[in-house]
Amino acid sequence: MEKCKSVGTPMNQKEKLQKEDGAEPTDNATHRSLVGCLMYLTATRPDIQYTVSVLSRFLHCASELHMKAAKRVLRYLKGTSSYGIKFTKSERFKLYGYSDSDWAGSVEDMKSTTGYCFAMRSACFSWYSKKQDIVALSTAEAEFIAATAAANHVIWLRKLLTDLGFNVGETELNVDNQNLLGNISKSHVSWQD
């Protein structure tokens, strides 16, 4: 993979991975090792979190398509090796959060994936991606589940940062679903203690 061509995204948006994909099985140990290495990288690369979360669902039944998707992440990492998280000092402290979901993204069980991240200024410091426990019946419901998980996390983050001595000012949680926004009546939710 050292001489591979880089790609602009870690995952092909049109590709839906599944257990029974008809492709030849691959060595599960090799696939698990590669996905394990990618999991390690998510500690500093939130941009691959979603893709690694999806790939980790197929550790026990890896096929050539799953291995191809994992290698695509390596190709993406090759082209973005200069990317990173930069923290800068700021007098004004504001916490930003962003939540999203992919409605019925899992082909097998039609469950959605929740994703959210939180940043101080421009540096992301907390992120999450996981398949939802229930089947959402609409995009609005999937987004609401993701926004609720993000809101729970921001409450915990605010308490943690306060305990660490930070003066946490306004917090902003951004969502992107129009149906959900109609119910909330704002493009973001912000609060202060």
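**Note on the predicted model**

1. Ser-63 is buried, with a relative accessible area of 2%. Here buried means under 20% relative accessible area, exposed means over 50%, and partly exposed lies in between (1.4 Å probe, protein chains only). Ser-63 sits in the loop between helix H2 (49-55) and H3. Helices (H or I, at least four residues) and strands (E, at least two) are DSSP runs, numbered from the N terminus. The side chain of Ser-63 makes a polar contact of 2.6 Å with the side chain of Asp-21. A polar contact is a pair of N or O atoms within 3.5 Å; within protein, one must be able to donate a hydrogen and the other to accept it, and residues adjacent in sequence count only if both atoms are side-chain atoms. Leaving aside neighbours within four places in sequence, Ser-63 is in contact with Asp-21, Ala-23, Glu-24, Pro-25 and Thr-26. Contact means heavy atoms within 4.5 Å.

2. A word on the source. This is a predicted model, in which local features need pLDDT of at least 70 and side-chain atom pairs count only at pLDDT 80 or more, while totals for chains, interfaces and linings use all residues. Residues are numbered from 1 along each chain as its sequence is written, and side-chain values use heavy atoms, with hydrogens and water left out.

3. Next, confidence. pLDDT is the predictor's confidence in each residue, from 0 to 100. The protein chain has a mean pLDDT of 86, and 91% of its residues reach 70 or more. Confidence is highest in helix H3 (residues 64-79), at a mean of 95. Strand E5 (residues 188-191) has the lowest, at a mean of 50.

4. Val-7 belongs to the segment before helix H1 (28-41). Its relative accessibility is 15%, so Val-7 counts as buried. Val-7 and Tyr-76 are 69 residues apart in sequence, yet 4.9 Å apart in space, C-alpha to C-alpha. Not counting residues up to four places away in sequence, Val-7 touches Arg-72, Arg-75 and Tyr-76.

5. Look at the loop between strand E1 (95-102) and strand E2 (113-120), which holds Ala-104. Ala-104 is not a glycine, but has a positive phi of about 55°. At 19% relative accessibility, this alanine counts as buried. Met-110 is found in the loop between E1 and E2. Met-110 has a positive phi of about 60°, although it is not a glycine. Met-110 is partly exposed, at 42% relative accessible area.

6. The whole structure has three salt bridges. A salt bridge is a side-chain nitrogen of Lys or Arg within 4 Å of a carboxyl oxygen of Asp or Glu. Arg-45 pairs with Asp-47, with the closest N and O atoms 2.7 Å apart. Arg-45 is buried, at 8%, whereas Asp-47 is partly exposed, at 28%.

7. Glu-172 and Lys-94 form a salt bridge at 3.4 Å, N to O. Glu-172 lies in strand E4 (residues 171-174) and Lys-94 in the loop between H3 and E1, so the pair ties together parts 78 residues apart in sequence. Both Glu-172 and Lys-94 are buried.

8. Lys-131 forms a salt bridge with Asp-109, the closest N and O atoms being 3.1 Å apart. This pair links distant parts of the chain: Lys-131 is in strand E3 (residues 123-131) and Asp-109 in the loop between E1 and E2, 22 residues apart. Lys-131 is partly exposed, at 25% relative accessibility. Asp-109 is partly exposed, at 28%.
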